[in-house]
Amino acid sequence: MSISYAERIPNNVNLTDNRVLQRALEHWQPRFLGWWRDMGPTDFNGADVYLRTATSVDAQGWATYGSVKMPDYRWGIFLADRYPERKIGFGDFRGQPAWEQVPGEHRSTLRRLIVTQGDTEPASVEQQRLLGHTCPSLYDLRSLFQVNVEEGRHLWAMVYLLHAYFGRDGREEAEALLERHSGNRDNPRILNTFNEPVEDWLSFFCFTYFTDRDGKYQLKCLAESGFDPLARTCRFMLTEEAYHMSVGMLGLGRVVKRTADVMKEIGSEKPEAVRRSGAIDLPTLQRYLNFWFTSSLDLFGSEVSSNAATTFANGIKGRPDEMTAFEDHDIRDASFNLDSPKGREDVPMRNALNEVVREAYIRDCEVGLRLWNRILAKSGSKSEIRLPSPRFNRTVGVWAGQPVDPAGAVLSAEDWARQKQAWLPSDTDRAFVKSLMKRVVDPGKVAGWIAPPERGIGGHPPDYEYVRL
Ligand SMILES: [Fe+2]
Ligand SMILES: [Fe+2]
């Protein structure tokens, strides 16, 4: 279905045919813009940014690029095309027609899932709002803003569902999405990771690599939902999400490249020496990865979860790539061998689905590590960076609060307390990384702690003036 840009709210859901809904969303729109002004990227609303905007929902060529002031970005409602006669693909209602409306008995579960997903979208914009001031290049500044406007659009995606399918309480939830704020003491965002500050670009790249990838996996699960409007919404969001993760992947790759170059140049891998040369030493990078990876692992929830079992049984939330990656879509009699502090134990598969999704996520995270280690090896370094054990530094699930080192070995409480500092970013690390964050905005120039990008965007070279300030 083509997207109509002639209307106040661009959409491909025939909004003009539903006056009541259209009016409700037009009422929410200025509130969204007010939120963007107050809580979005600070001081860049007048800049011309080279941004992509969705113009269709086809897999190929859905985006056009052009210079836009961010408050004029055409945020809208885009659902992927319907699969004709789609059936619920898993759980106890498998084979029944997918739902076009919310079944009464699943209403509160679906609302909770949509609100929780929706809450993360504006949260990340709030977390990243100050980063523009310390951008390492115009290319990176554009990437940041592209991610930010698309997270704003993801908020629109969830607000559409709330308004269209959940009546008055949906509208109230849509308001509340603009009232909670990341890190706010009285009214914080729902999930912990989205209250963590993202105050430097190393954190930003870790966030887009690890935390946006959690988003990818949540969306993949919801894209399987028996509630078809949710499935179609998430399928299109995934095309946007892919870019966010690539920002993290390429960004961290460039950090590693610069560090590798510096280590080669000075003939030393000693953290102090690397730091003196203005690059990020590998142990510091490793500690940042440890933090953001484990914080993102918590987002998948407890290993054993009756909620996960119920949403699967009811056809509300599937596994990632449910229809292509699995043969058994019922899994009522299957079991899962779970790693817990008490040893390995078999639990019913449906109850272990959070862990199934987390494992798929971890495999996906490893791709970047292989790439970055290749960069290190190519420059002659013997060092490697790696993902810590999923037992390490957890605050949710069976490993929460357990004294475990990054290799997964269980320690005494004293050993943990003593060594913990070496495995997670310290105040000194953060202060050092912050000290590198100096704004670079000459076209083609790049800060000294990160290698230049290899390719530009939209057919332009890396030194293109992606943001006109
Ligand atoms: Fe998002
Ligand atoms: Fe994202």
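Let me start with a crossing: helix α6 passes helix α11 in a right-handed sense. Keep in mind that this is a predicted model.

Where are these two helices? α6 covers residues 228-266, and α11 covers residues 353-378. Their axes lie 9 Å apart, and the packing angle is about 20°. An angle under 35 degrees counts as roughly parallel, so that is what α6 and α11 are to each other.

Which residues meet there? From α6 we have M249, L252, G253, V256, K257 and A260. Facing them from α11 are G368, L371, W372, I375 and L376.

Now stay on α6 and look at another neighbour. Helix α5, residues 201-222, packs against α6 too. Here the angle is about 155°, with the axes 8 Å apart. Over 145 degrees counts as roughly antiparallel, and α5 and α6 are therefore roughly antiparallel to each other. The crossing of α5 past α6 is left-handed.

Let me step back to the whole protein. It has 13 helices and 5 strands. The C-alpha atoms fill a box of roughly 65 × 55 × 40 Å along the principal axes. Buried residues account for 45% of the 469. What about contacts along the chain? Take those between residues at least 6 apart in sequence: 68% of them join residues at least 24 apart.

On to the strands. β1, residues 48-54, is joined to β5 by 2 bridges. Within that pair, D48 stands opposite R468.

The last stop is a hairpin. β3 and β4 form it, with 2 residues between them. β3 spans residues 335-340 and β4 spans residues 343-348. The two run antiparallel, joined by 6 bridges. To find your place on screen, look for N337, which stands opposite D346 in β4.

Key: Residues numbered from 1 in each chain as written. Chains lettered and ligands numbered in written order. Predicted model: local features only at pLDDT ≥ 70, side-chain atom pairs only at ≥ 80, totals over all residues. Pairing = 2+ DSSP bridges. Helix = DSSP H or I, 4+ residues; strand = E, 2+ residues; numbered from the N terminus. Buried ≥ 20, exposed ≤ 12 C-beta atoms within 10 Å, placed from the backbone. Contact = placed C-beta atoms within 7 Å. Axes fitted to C-alpha atoms, helices over the stretch in contact; angles between N-to-C directions. Parallel < 35°, antiparallel > 145°, perpendicular 65-115°, else oblique. Left-handed = near helix turned anticlockwise from the far one by under 90°.
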